[in-house]
Structure formats: C-alpha cells, structure tokens
Amino acid sequence: MADPLRVWGCSEPFLLFMLLGTLWEAGAGQIRYSVPEELDKGSFVGNVAKDLGLEPRELAERGVRIVSRGKTQLFALNPRSGNLVTADRIDREELCAQSARCLVSFNILVENTMKMYGVEVEITDINDNFPRFRDEEVKVKVNENAAVGTPLVLPFARDADVGVNSLQRYQLSSNIHFSLDEKSGRDGQKYPELVLEQPLDREKVAVHDLLLTALDGGDPILSGTTHIHVMVLDANDNAPLFTQSEYRVSVPENIAVGTRLLTLTATDPDEGINGKLTYSFRNEEDKISETFQLDSNLGEISTVQPLDYEEFRFYDMEVVAQDGGALLASAKVLITVQDVNDNAPEVLLTSLSGTVSEDCLPGTIIALFSVHDGDSGENGEIVCSIPRNMPFKLEKSVDNYYHLLTTRALDREEISDYNITVTVTDCGNPPLSTENYIFLKVADINDNPPIFPHTSYYTYIPENNPRGISIFSVNAHDPDSGNNAQVTYALAEDKFQGTPLSSYVSINSDTGALYALGSFDYEQVRDLQLWVTASDNGDPPLSSNVSLSLFILDQNDNAPEILYPALPIDGSTGVELAPRSAEPGYLVTKVVAVDRDSGQNAWLSYRLLKASEPGLFSVGLHTGEVRTARALLDRDAIKQSLVVAVQDHGQPPLSATVTLTVAVADSIPDVLADLGSLEPSTDPDDDSGLTLYLVVAVASVSCVFLAFVIALLALRLRRWYTSRALQVSGSGLAGLPASHFMGVDGVRAFLQTYSHEVSLTADSRGSHVIFPQPNYADTLISQESCGKSEPLLIPEKINAKERELEVLQQAPPNTDWRFSQAQRPGTSGSQNGDETGTWPNNQFDTEMLQAMILASASEAADGSSTLGGGAGTMGLSARYGPQFTLQHVPDYRQNVYIPGSNATLTNAAGKRDGKAPAGGNGNKKKSGKKEKK
C-alpha cells in the first residue's frame with residue numbers, strides 16, 4: 001500500500017497550480033471561487049475586498065462579515081488583507097460524498113448598507129483516498145463441476161474520490177484457473193467478476209488463493225487489495241433465482257421504526273442443503289446496515305432507525321440469495337424516501353437595530369433576517385409575514401433574506417416599543433409555521449411640551465395666613481421620557497401694585513407647590529393673577545403656561561371705626577342739642593361708622609349700650625340714628641350721656657363704642673344757665689383741683705391776649721363795629737365761671753373770633769393754647785362790621801353797655817335764616833319735627849346767638865371744629881384722607897341749627913346777592929347807633 005504522506009508530497013505542485021489558478025466571477029451579486037480540498041488552515045481562497053470594490057481597511061469600518069446558515073464555518077475573512085481564507089482543513093468527501101461537483105455557498109454582509117453578496121466556492125477533489133475493499137479476505141465457493149466461463153461474484157472496492165481520482169480498474173494475481181472480468185453498473189461503479197477459465201478439480205486443489213487489486217486514476221495512482229479464497233465444493237448444478245432482478249419501493253420518511261418495507265423472493269430447484277437459500281446484503285455500506293435489517297431466512301427488509309428525507313433521499317443496495325451448494329443470485333433493491341412536511345421553517349436573525357428614533361424616516365431598515373425550510377417541494381416553499389396593524393413591512397432581499405423596514409413615522413408617546421411577530425409558514429399539508437419575535441424600542445425626542453390638566457386654576461386663601469403656608473399645587477404632565485419629561489415650574493415675572501409677584505408667592509420648581517411668602521391683607525390685596533410656567537429639560541426645552549387666580553378671603557380682623565361723631569383731638573366731649581319741645585322720634589344726631597372688612601364682616605348694627613336716662617333715646621339698629629323715644633320732660637336732666645355700640649357680624653364679632661353728650665334745652669340761655677350742672681365724666685373729687693388750675697391758666701392767657709389786642713387797636717379801627725357786637729354778646733358771659741366753658745363747643749368757639757383758642761375740659765388733665773391766623777371766610781358777619789374791631793371789653797364796660805342795649809328794640813327775625821330739617825347737623829337727610837319756630841324774646845339772646853354763629857363759622861373755617869380735622873373737611877380728612885371732604889357731610893358754615901329752637905338760619909340768599917341778611921343788618925345798625933351815642 002502506498003505511503004499517504006509520500007503521495008501527498010508528490011501532489012504539492014498540482015495543488016499549488018490549482019491554488020494559483022483559482023478563478024472568481026462577480027455578476028448579479030454572486031462571487032465564485034475554486035479551491036482544492038485538504039488545504040491548511042488560513043490558506044488563500046480569494047480577495048473579497050477587491051471583488052467588492054473596497055479597500056481592506058474599509059472591511060472593518062463597514063462591518064463586512066460572513067453570514068452562513070451552516071453550523072461549521074469553513075471559511076474566514078481576514079480583516080487586514082481582505083482575503084477569504086480557509087477556517088480549517090476541508091474534506092471534500094466528507095462534505096459532498098460522491099457528488100460530481102462540491103459547492104459551498106454562503107453570503108457576505110456589508111453591515112452599514114445591509115447588502116448581501118452571495119459567494120460560491122467549489123471544492124475540487126484531490127487524490128487523497130485509496131480504493132478500499134470492505135473485507136481484507138473474502139471466501140468464494142465454487143462447484144467443482146462448474147462449467148468453464150462460470151462467473152463468480154467478487155467484492156468490489158470503493159474510492160471516495162471522484163472523477164479521474166476515483167476507482168478505474170482491477171487487477172488479479174496470476175492463476176491458470178481464473179481470469180478477471182469487469183462490469184459497470186448504471187451508477188458508473190465497476191464490479192469485478194472471477195471467470196472460470198479451466199475446469200476445477202477439488203481433489204487436486206481445494207482452495208485457490210488470489211489477490212485482487214483495485215487501482216484509481218490519480219497521480220500518483222493509489223490502490224487497494226483484498227485476498228480471495230476460492231473454495232471448491234462438490235457439485236451443485238442449480239443456482240438460486242430471484243423473481244425480479246430489481247426491487248423498488250417508496251416509503252414516507254415518517255414511517256415507524258421496525259416497519260417491513262418489502263420481501264425478496266428467490267428460488268432454487270435443488271434439494272436439501274443445495275436448495276436452502278440464505279439472504280444477505282452484498283457489499284452494503286455502513287449507513288445501510290445501520291438503517292435497514294434483512295431477514296436472512298425470509299428475505300424481509302425492515303427499518304431499524306427513523307428515515308430522514310433531508311439526510312438521505314434514496315438507498316441503493318444489493319441482496320444476494322445463496323443456496324447450500326454455494327450457488328447464489330443477486331437482485332437490486334432501491335428504496336426511495338418520500339418527503340413529508342415534518343420540518344418547520346426557521347428564521348435566522350442576521351442584523352438588528354434594537355433602538356430607533358421616533359423621528360426616523362419611512363423606509364428605515366430595522367432588521368435583516370433569513371428563512372429556511374429543510375423540506376422540499378411545496379413543503380419547502382415559505383411565506384413570510386408580519387401583523388398588518390404595525391408601521392412596518394417586509395421586503396425580500398437576495399436568496400431567502402428579508403428586510404424589515406418602517407412604513408411611516410413613529411410616535412413614542414403613542415407606542416414606546418414594538419414586539420414584532422415574524423411568522424414564516426410553509427406550503428405543506430398541513431402547513432407548519434414558526435414565529436420569531438423582534439423587540440424594537442422607540443427612542444424619545446423632545447416633541448411634546450408639558451401639559452396642564454386644566455386651562456386655568458383658582459384657589460382661595462384666608463387673609464392673615466401664616467407665612468410659608470402652602471396655597472396650591474399645580475401639576476403638569478410631559479408625555480416624553482427621561483430628561484424630556486422632567487418638568488420644572490416657575491412663576492412668570494409680573495408686578496402687582498408696583499411690587500413683583502415673587503415677593504407675594506413662591507413656587508417649588510420640582511413639585512409645583514405654591515407658598516405664601518407673607519401674610520395677606522384682604523384690605524390691601526384682594527386677588528392675584530399668576531402665570532405658572534412648566535418647562536421640560538429637553539434640548540431645546542419646551543414649556544407651557546397656565547393662569548392661577550388667587551383670591552384672598554376676608555376675615556373679621558377690623559373693628560368698626562366711627563366717623564361721626566369723631567373724638568376731638570384735645571379729648572373734650574362734643575355736645576349734641578335736643579330741644580325740650582322735641583317730639584318722640586326726633587332726630588338728635590346720627591352715628592356714622594364704617595368697617596374696612598367686606599361682606600358679612602362689614603355689616604354693622606347699632607345699639608344703645610348705656611344711657612343716663614334709660615328709655616329717653618333710641619338708636620336705629622341699622623341706621624345709627626339717635627332719636628328721642630318719648631317726649632322730653634322738665635324733670636329730664638339737661639345733660640344726657642349715651643354710649644352707643646357699633647358691632648359687625650363677623651365671627652367673632654368686633655365692636656366699637658362712642659359716648660354722646662346730649663344737652664336738653666329750649667334756648668341758648670337755658671343751656672348756658674345749666675352748664676354748671678354738667679359734671680365731668682370722671683370723679684369730681686379727683687378733678688376739682690385740676691379744674692382750679694385750668695381756670696387760672698385761662699385767665700392768665702386771656703389777660704396776655706387782651707394786652708396784645710389793645711396794642712393793635714389803632715390798626716384795626718375798620719373792624720370796630722364787628723368787634724363791638726361780639727363785646728356786647730360777651731358781656732353776658734363775663735360773669736360766668738370759667739368752668740362753665742368746659743365741654744361746650746359753642747362757647748369755646750366764642751374765643752376763636754379773637755384769633756385764639758383755649759381748650760379747657762373738666763375731664764382733661766392738660767390744656768393748650770393755639771394762636772391761629774384769623775379767618776373770617778364764610779362767616780355770618782355783615783360787610784359793614786368786617787372792617788371794625790375793638791379789644792375785648794372788661795366786665796365793667798360790658799355791664800355799662802348792657803344797660804344801654806336794654807333800651808333798644810328787638811328787630812324781628814329774618815325769615816331767610818331758616819333751613820329745613822334735612823340741613824340739621826348729622827348725616828341723615830330725613831328729619832322729623834316742625835320746621836317753624838320763633839326767635840328769642842330779648843335782644844341779648846339774639847346777639848348772643850349771633851356771636852356764637854360767627855364763632856362757630858370761624859371755627860369751622862380754621863379747622864378747629866369739634867368734629868376734628870382740617871378746614872373744610874369737618875374733621876374727617878384727618879382720619880380718612882383728603883378724599884373724604886365736605887361733599888360727604890353737610891356744610892355747617894352755610895346752615896346753622898339754633899339750639900333750643902325749631903328755627904333755621906341760612907345766608908344763601910345773602911351770599912348770592914352779595915348782601916347781608918336783612919334781620920342781621922337791622923340789629924347791627926341799631927346797635928351801632930346806640931354805641932355812637
């Protein structure tokens with residue numbers, strides 16, 4: 001037997017020639033190479049980079065790789081050189097058996113473009129296999145009476161190589177009795193036969209030893225041998241005979257193991273042992289003996305293991321029937337395996353993009369995969385599909401490869417990921433299918449701004465809230481993901497009453513909770529209009545706004561404030577006058593109060609809390625009007641003290657009180673005569689000492705002021721007549737104690753005429769002296785008396801003048817000095833009572849009244865009214881601002897109510913005509929003439 005290593009060494013020039021002569025062809029996307037078998041690992045096959053039109057360095061950049069469906073990779077791609085090389089030794093016989101051409105197909109994938117190129121490599125045969133007999137020694141029996149030319153069947157050899165390298169001929173060792181003959185089968189196999197050339201004589205030679213050699217056509221020639229032992233038997237003149245020379249049977253591949261496939265029948269007319277036949281496989285291959293079983297006595301062929309159409313489609317075997325006399329006959333058996341649909345299609349995922357952006361264009365390739373079915377015919381035809389309700393489609397590529405592409409734009413907020421079911425179904429009966437799942441995640445882009453559930457919000461918070469309290473919380477949702485969905489909140493920059501809104505309210509940028517930075521006051525801030533901005537963290541960021549209305553709820557935190565009667569700034573008590581002739585329901589005054597709260601907290605109610613004479617006065621529950629509850633009696637005290645409480649309807653309710661002093665008298669002299677009976681509101685024992693000091697202080701200040709007035713007498717001669725009337729009216733007051741002036745606004749106003757004010761009250765512990773600029777605007781003084789003045793008269797002079805005035809006749813009152821009840825002091829325009837009345841019966845009372853009228857008018861002009869406040873505001877502007885002027889309160893300088901009488905005075909006509917009232921001028925003229933006398 002030839003040495004294998006030596007033979008391979010001799011074939012090296014041939015292999016080198018085959019390697020250098022490797023051919024390739026590129027056309028229609030197919031590349032072909034040819035390479036001999038048994039090359040060393042890493043041997044050159046072809047230059048793929050060149051054939052693809054790429055540089056070797058571009059292979060790695062473009063992701064060029066081999067894609068093969070087989071489990072064993074026969075070839076590899078060198079990324080540096082771009083060459084296709086062998087991955088291991090290739091045995092053509094193991095790979096393709098006896099096939100005439102051995103082709104290995106695979107694909108090359110260009111990853112970045114997802115293009116496939118088919119590659120076909122032909123494995124050429126080399127003479128690397130020896131012809132081989134199955135047995136090294138074979139016994140052949142022959143009857144001694146066999147005729148010359150009788151053929152004897154010999155074992156044949158097999159050569160795994162093909163073509164010229166396969167089995168070509170046989171040689172038989174030299175022997176005079178036998179010669180060698182060769183026959184060829186339909187499959188091209190050569191079968192040797194031993195032909196008897198001379199008659200045999202068992203008694204001479206019982207066994208003939210021969211050497212059979214099988215030779216191939218390779219270079220060098222390889223051979224194989226077997227020893228033939230020809231045993232000469234006694235005569236047996238009848239050979240077995242099969243009923244058919246060839247048996248054919250077709251069976252499905254899914255037939256059960258142990259199933260009988262067919263029965264061979266042969267006959268032998270001999271008797272005895274020469275007629276008993278035994279069946280056996282002749283020269284069977286290992287695969288046949290492993291798959292089938294032959295009953296040697298019955299000739300039945302059955303399976304011992306499952307058949308597989310995909311592995312072997314047909315089996316060709318020879319069965320021999322031999323009798324006991326060594327005569328035999330042979331028959332061909334061809335078993336064809338029928339394909340059944342027993343293989344489900346397969347899906348092999350080649351390339352996959354697991355994540356795709358939601359803004360990808362239609363037609364973007366998502367995946368590349370191949371399909372395969374091991375069955376044949378209709379059973380191997382495959383239909384590939386995906387669900388129709390998805391934005392994807394399948395597109396066939398080369399061979400059995402498919403592309404998975406997008407058909408439209410994706411929206412991650414609608415569907416964030418896809419589980420794509422790829423179904424491959426064959427056309428068998430019944431059809432088989434396989435499902436593969438491709439999971440695709442849609443990457444988010446910032447294409448959605450934060451969204452608020454509502455277009456606007458509103459909330460309420462009570463005033464006087466604690467600082468830092470949570471007011472409200474807004475929440476916006478962003479359908480994006482990751483940083484694109486992280487929402488931050490902020491307040492839009494704006495101002496309220498010149499102050500930034502950020503000084504009132506702050507917002508948590510992460511949670512959207514709003515907090516009050518301070519305590520709200522309903523009286524200052526009733527509502528705030530805020531804009532909340534929600535922004536995401538995308539690039540670029542998107543945002544949206546929502547309005548938030550914050551309403552402040554009022555709480556009862558302000559007590560009612562009394563506007564009228566207002567407390568005098570010096571602490572004295574104002575006096576309201578009520579005539580004794582007043583009927584029940586007579587309006588004495590009206591308490592005016594306001595509450596800075598709103599709603600129910602500002603609803604005010606009035607009630608009489610305390611009265612020195614219970615049942616004499618009543619207070620309107622909602623109007624605050626103080627009216628007489630019954631007729632005034634003589635026994636009723638001249639001084640009536642009333643404490644009026646004003647209360648709101650808040651929870652808890654707040655209240656304020658004011659003390660009213662009402663003087664009850666029919667005329668001014670009655671008021672002055674009873675002034676001494678007005679006791680201070682505090683304990684007399686405690687204030688008696690203080691009153692004495694106040695009287696002394698008033699007297700001292702008056703003396704100093706008299707001296708000053710006398711010095712200016714020469715410069716004020718034009719005001720003599722005006723001053724004279726005041727001196728006459730003052731003569732009746734000179735004899736009164738100083739304490740009678742305390743608490744009486746009209747008497748205090750009498751000193752105002754002389755441009756000074758001394759305020760002394762029985763219930764005060766201090767006094768003050770004011771020297772304002774004289775102001776005679778809007779006073780009821782005739783033009784004639786405005787240019788005259790004279791010093792304050794001493795008591796003696798007043799008494800002398802009084803006697804002269806007694807002879808004068810009192811002039812009738814001027815009917816123009818009358819006004820309606822609606823013009824009475826107070827705030828109500830509806831009054832009850834008679835509007836007519838009579839003037840005092842003596843001239844002293846008349847001129848005394850005129851002096852008080854002038855003093856009150858001057859006091860109102862100089863801003864020292866008992867109502868408090870500056871000029872022209874009736875004491876209201878000092879408390880509530882300049883907008884609260886006399887247009888809200890009746891003008892007491894124009895309309896003067898005369899205490900003790902129902903008569904009214906008005907100088908409206910005199911002002912319009914520029915003339916003094918008739919009654920007043922008449923009295924003044926008479927008084928002037930008397931003074932001259």
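How many salt bridges does the count come to? The count comes to 19 salt bridges.

## The model and its confidence

This is a predicted model. The protein chain averages a pLDDT of 74. A score of at least 70 is reached by 70% of the residues. Among the elements of the chain, strand β22 (residues 300-303) has the highest mean pLDDT, at 94. Helix α1 (residues 4-10) has the lowest, at 33.

Over residues 1-28, the pLDDT is below 50. Beyond near neighbours in sequence, this stretch has 32 contacts in the model. The pLDDT is also below 50 over residues 729-847. There, 289 contacts reach beyond near neighbours in sequence.

## The chain as a whole

The protein chain has 933 residues. Of these, 45% count as buried. The chain contains 15 helices and 54 strands.

Take the contacts with a separation of 6 or more: 68% of them join residues 24 or more positions apart.

## One disulfide, and two other cysteines

The structure holds one disulfide. A disulfide is a covalent bond between the sulfur atoms of two cysteines. Here the partners are Cys 96 and Cys 102, with their sulfur atoms 1.8 Å apart. The link is right-handed, with 60° about the S-S bond. Both Cys 96 and Cys 102 are buried.

Is Cys 360 buried or exposed? Cys 360 counts as buried, because its relative accessibility is 12% and the buried class lies under 20%. Cys 703 counts as exposed, because its relative accessibility is 53% and the exposed class lies over 50%.

## Salt bridges, pair by pair

Start with Glu 246 and Arg 248. These two form a salt bridge, and their closest N and O atoms are 2.8 Å apart. Glu 246 is partly exposed, at a relative accessible area of 24%. Arg 248 counts as exposed, at 54% relative accessibility.

Next comes the salt bridge of Arg 282 with Glu 318, where the closest N and O atoms are 3.0 Å apart. Arg 282 lies in the loop between β20 (278-281) and α6 (286-291), while Glu 318 lies in strand β23 (residues 314-322). The pair therefore ties together parts that are 36 residues apart in sequence. Arg 282 counts as buried, with a relative accessibility of 17%. Glu 318 counts as buried too, at 10% relative accessibility.

## A network of salt bridges

Which residues are linked in a network of salt bridges? They are Glu 613, Arg 630, Arg 635 and Asp 636. Within this group, the side chains of Arg 635 and Asp 636 meet at 4.0 Å, N to O.

Arg 635 is exposed, because its relative accessible area is 61%. Asp 636 counts as buried, because its relative accessibility is 2%.

## A nonpolar patch on the surface

Tyr 458, Tyr 460 and Leu 553 form a nonpolar patch on the surface. Together they have about 340 Å² of accessible area.

Where is the place of Tyr 458? Tyr 458 sits in strand β33 (residues 456-462). Tyr 458 counts as exposed, because its relative accessibility is 55%.

## A buried threonine and its contacts

Thr 213 belongs to strand β14 (residues 207-216). Is Thr 213 buried or exposed? Thr 213 is buried, because its relative accessible area is 13%.

Leave aside residues up to four places away in sequence. Thr 213 then touches Phe 133, Arg 169, Tyr 170 and Gln 171, among others. Its contacts also include Ser 223, Gly 224 and Thr 225.

Definitions and conventions: Residues numbered from 1 in each chain as written. Predicted model: local features only at pLDDT ≥ 70, side-chain atom pairs only at ≥ 80, totals over all residues. Heavy atoms only, no water. Disulfide = S-S within 2.5 Å. Buried < 20%, exposed > 50% of the residue type's maximum accessible area, 1.4 Å probe, protein only. pLDDT = per-residue confidence, 0-100. Helix = DSSP H or I, 4+ residues; strand = E, 2+ residues; numbered from the N terminus. Contact = heavy atoms within 4.5 Å. Patch = residues over 30% accessible without salt bridge, like charges linked within 9 Å, V, L, I, M, F, W, Y side chains within 5 Å. Areas by Shrake-Rupley, 256 points an atom, 1.4 Å probe, with all protein chains shown as cover.
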